[in-house]
Amino acid sequence: MPYAGIRVVEFTHMVMGPTCGMLLGDLGAEVIKVEPVEGDETRRLLGSGAGFFPTFNRNKKSIALDLKQPEGVAAALRLIATADIVSENFKPGTMKKLGLDYERLSKLNRRLIYVSHKGFLPGPYEHRTALDEVVQMMGGLAYMTGRSGDPLRAGTSVNDIMGGMFGAIGAMAALRQRELTGEGAEVQAALFENNVFLVAQHMMQFAATGHAAAPMPSRISAWGIYDVFTVKDGEQIFLAVVSDRQWAAFCKAFGLDALLAEPRLNTNNDRVMAREWMMPVLRSHLAGRSAAGLSAVFEANELPFAPIARPEALFDDPHLNATGGLAPVRMNDGSESKVPLLPFTLGGRRPGIRLQPPLLGEHTRELLLEVGYTIAEIAELRSSQITRGD
């Protein structure tokens, strides 16, 4: 694995920081998750957070330490002394209060790479408390996702996940820089700046045209056909025709020779301008067909299409299962499910799961012994509730 031999000590919770560690762990790094003695809060979340821990904490070891006590911080410092990377996503100032900030740690080890995941990069907003939904609202993404006058967050933790990804990319860049210079570096990733990166295309649309981008539900599409169609038995399917070649194939496949010959529909831009009268004709023509039948025709003609799937249906997706895109994972209650792996291959293989999401403090004893604690000292830390676990 590309990052085998790299040790990461992470002080993270929720989604953003754990995503960074998961990425590095999937790619071979040894990732040590430092948890409070009561455990990462995502072990106990309900509702939309119920799957956070098993999703973002595979390929990690767990050590439970009470960082509010000097003995816990001392144990953390011993671990950090063995690390290549430290990763954290506490609110600004927390790590400094603990004596675990980059300024102090870099003096102890100039080769250390320190990754901070925050709501905002340093500046006027850095003191604010941020959440994915907060930055989606202030960063234009909720406006673009919802209908006009009804801002709506995206349907997943896009900024948390991508913020963690950019933290990992920054760590990878810093490792390469360290090879060249021998020096570590501080890496910062932030939710707000990540969100702005996501909406950059809409900002630049305004810069290029002078016209503000409309929210997605009311946008002027760049393509003549790029829509959800309601068809036989009320089923829905997304269909797209995004080039003149595809338009010709679409019209021939569905017996629309008159539309193919219509001069007002010759080019994609013509079809965009004609959507007001063209789309009702197409919707009526396709309404009696089944979603499965439309899928077959579109696939045979190399046209873009998609069934409207729900997340829970993806466990049984034939492509994901045939290609090894899902792997068995241990859930919080000890049961087993399948979880998506990283969406790329290395040498033809998807990076897999070497370590199941750890039990709380599962590796405490092993790691403390490794950094020089005696069995008696570990027993004392456990009896004082400074640490927890095996």
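Me: Among contacts between residues at least 6 apart in sequence, what share joins residues at least 24 apart?

Reply: Contact here means heavy atoms within 4.5 Å. In the protein chain, 69% of the contacts between residues at least 6 apart in sequence join residues at least 24 apart. Keep in mind that this is a predicted model, where local features need pLDDT of at least 70 and side-chain atom pairs count only at pLDDT 80 or more, while totals for chains, interfaces and linings use all residues. Residues are numbered from 1 along each chain as its sequence is written, and side-chain values use heavy atoms, with hydrogens and water left out.

Me: How many helices and strands does the protein chain have?

Reply: Helices (H or I, at least four residues) and strands (E, at least two) are DSSP runs, numbered from the N terminus. The protein chain has 18 helices and 12 strands. Its C-alpha trace spans about 85 × 45 × 40 Å along the principal axes.

Me: What percentage of the residues count as buried?

Reply: Buried means under 20% relative accessible area, exposed means over 50%, and partly exposed lies in between (1.4 Å probe, protein chains only). Of the 390 residues of the protein chain, 43% count as buried. Take Ala171, which sits in helix H8: its relative accessible area is 0%, so Ala171 is buried. Leaving aside neighbours within four places in sequence, Ala171 is in contact with Leu24, Ile85, Ile113, Val115 and Val187.

Me: Is Leu260 buried or partly exposed?

Reply: Leu260, in helix H12 (residues 257-261), has a relative accessible area of 28% and is therefore partly exposed. Beyond neighbours within four places in sequence, Leu260 is in contact with Trp247, Ala248, Cys251 and Lys252. The C-alpha atoms of Leu260 and Trp247 are separated by 7.6 Å, with the two residues 13 apart along the chain.

Me: Now to helix packing. At what angle do H9 and H10 pack?

Reply: Two packed helices are described by the angle between their axes and the distance between the axes. Axes are lines fitted to C-alpha atoms, for helices over the stretch in contact, and angles run from 0 to 180 degrees between N-to-C directions. Helix H9 (residues 191-198) and helix H10 (residues 200-209) pack at about 50°, with axes 4 Å apart. Angles under 35 degrees count as roughly parallel, over 145 as roughly antiparallel, 65 to 115 as roughly perpendicular and the rest as oblique. H9 and H10 are therefore oblique to each other. Val196, Phe197 and Leu198 of H9 meet Ala200, Gln201 and Met203 of H10 in this contact.

Me: How do H8 and H9 cross?

Reply: The axes of helix H8 (residues 158-181) and H9 come within 9 Å and cross at roughly 100°, so H8 and H9 are roughly perpendicular to each other. On the H8 side the contact is made by Val158, Asn159, Asp160, Met162, Gly163 and Phe166, and on the H9 side by Leu191, Asn194, Asn195, Phe197 and Leu198.

Me: How many aromatic pairs are there?

Reply: Rings of Phe, Tyr and Trp (its six-membered ring) pair if their centres lie within 6.5 Å; planes under 30 degrees apart count as stacked, over 60 as edge-to-face and the rest as tilted. By this rule there are 11 aromatic pairs. One of them joins Tyr226 and Phe238, edge-to-face, at 5.3 Å centre to centre and 85° between the planes. Tyr226 lies in strand E7 (residues 225-230) and Phe238 in strand E8 (residues 236-241), so this pair ties together parts that are 12 residues apart in sequence. Trp247, Phe250, Phe254 and Phe298 are linked by ring pairs into a cluster.

Me: Which ring does Arg78 lie over?

Reply: A charge sits over a ring if NZ of Lys or CZ of Arg is within 6 Å of the ring centre and within 35 degrees of the ring normal. Arg78 lies over the face of Tyr373, at 3.9 Å from the ring centre. Arg283 lies over the face of Phe229, at 4.8 Å from the ring centre.

Me: Where is Asp233 found?

Reply: Asp233 is in the loop between E7 and E8. Although not a glycine, Asp233 has a positive phi of about 60°. With 72% relative accessibility, Asp233 counts as exposed.
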